[in-house]
Amino acid sequence: MIRSYGWSDTGCVRQHNEDRILVDDTLSLYIVADGMGGHNHGEVAAEMAVKIIQRYIDTSRNLQEITWPFGYDFERSANENRLSTAIRLASRQVWEKGKQAPELDGMGTTVVALLLETNVATVASVGDSRVYLFSGGALEPLTIDDTWVEHMVRQGTLAASEVAQHPMRNVLTQAAGSRSSVEVQLVERRIAGGDRLLLSSDGLHGVVTEEEVRRILKGAGDTETAAKQLVEAALDLGGPDNVSCVVVEI
């Protein structure tokens with residue numbers, strides 16, 4: 001059985017909420033998208049991405065009756081291919097929409113998506129929204145931020161301790177719709193009863209420490225309480241950005 005709950009808040013500073021979330025227990029599909037582009041166009045990108053991903057995951061349940069516009073990676077599972085294709089389709093359509101309407105040019109969105117099947121969690125991401133696995137009392141990030149500072153850390157030219165205060169910490173190296181094609185991060189993990197998965201925008205994990213996230217996921221009695229407490233924790237710390245999360249429990 002899956003229990004899930006999503007919550008999104010404009011935050012304490014922004015005038016509009018450009019985040020979008022999806023909680024679809026029927027498809028076992030969960031998404032957080034953090035739109036960007038200014039003049040409220042980020043919400044257009046996020047809304048488009050969520051709907052396109054949901055539609056493709058729905059239509060691809062019968063693998064024999066769909067097409068694979070970007071080819072099929074036989075080194076990846078079927079669900080990894082489904083999520084990767086869905087996000088790449090969304091990115092291409094958001095990018096094309098931006099080119100058709102000059103006022104939307106430059107819009108884009110981060111995307112993290114979780115697809116559950118039996119005891120396997122398939123995760124896909126583009127941008128700096130995140131997915132965490134809370135299991136056995138430990139919190140583990142399953143995604144890597146597509147940011148300039150994260151790239152520098154992985155290259156060994158920037159210390160991890162310098163990231164939080166670095167002036168380029170929010171500079172993305174890619175986002176869905178910001179260019180014609182994107183590289184989708186993919187990971188699969190086996191999960192067990194009692195495990196919780198958290199999808200969050202950077203308005204949450206960029207403010208609330210991982211230790212506090214772990215404490216809330218451990219102590220909250222259900223997914224609704226956990227999601228609301230996580231968002232409230234970000235708001236209590238000033239809520240400088242839109243704050244969104246989805247909590248899923250097995």
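1. D34 is buried (under 20% relative accessible area, with exposed being over 50%, for a 1.4 Å probe and protein chains only) yet has no salt bridge, a term that requires a side-chain nitrogen of Lys or Arg within 4 Å of a carboxyl oxygen of Asp or Glu. The nearest side chain of opposite charge is R14, 6.5 Å away, where Lys and Arg count as positive, Asp and Glu as negative, and His and the chain ends are not counted.

2. This is a predicted model, in which local features need pLDDT of at least 70 and side-chain atom pairs count only at pLDDT 80 or more, while totals for chains, interfaces and linings use all residues. Residues are numbered from 1 along each chain as its sequence is written, and side-chain values use heavy atoms, without hydrogens or water.

3. D34 is found in strand β3, with strands (E, at least two residues) and helices (H or I, at least four) taken as DSSP runs numbered from the N terminus. Leaving aside neighbours within four places in sequence, D34 is in contact (heavy atoms within 4.5 Å) with residues including E18, D19, D202 and D241.

4. Q64 lies in the loop between α1 (41–59) and α2 (78–100), and because its relative accessibility is 75%, Q64 counts as exposed.
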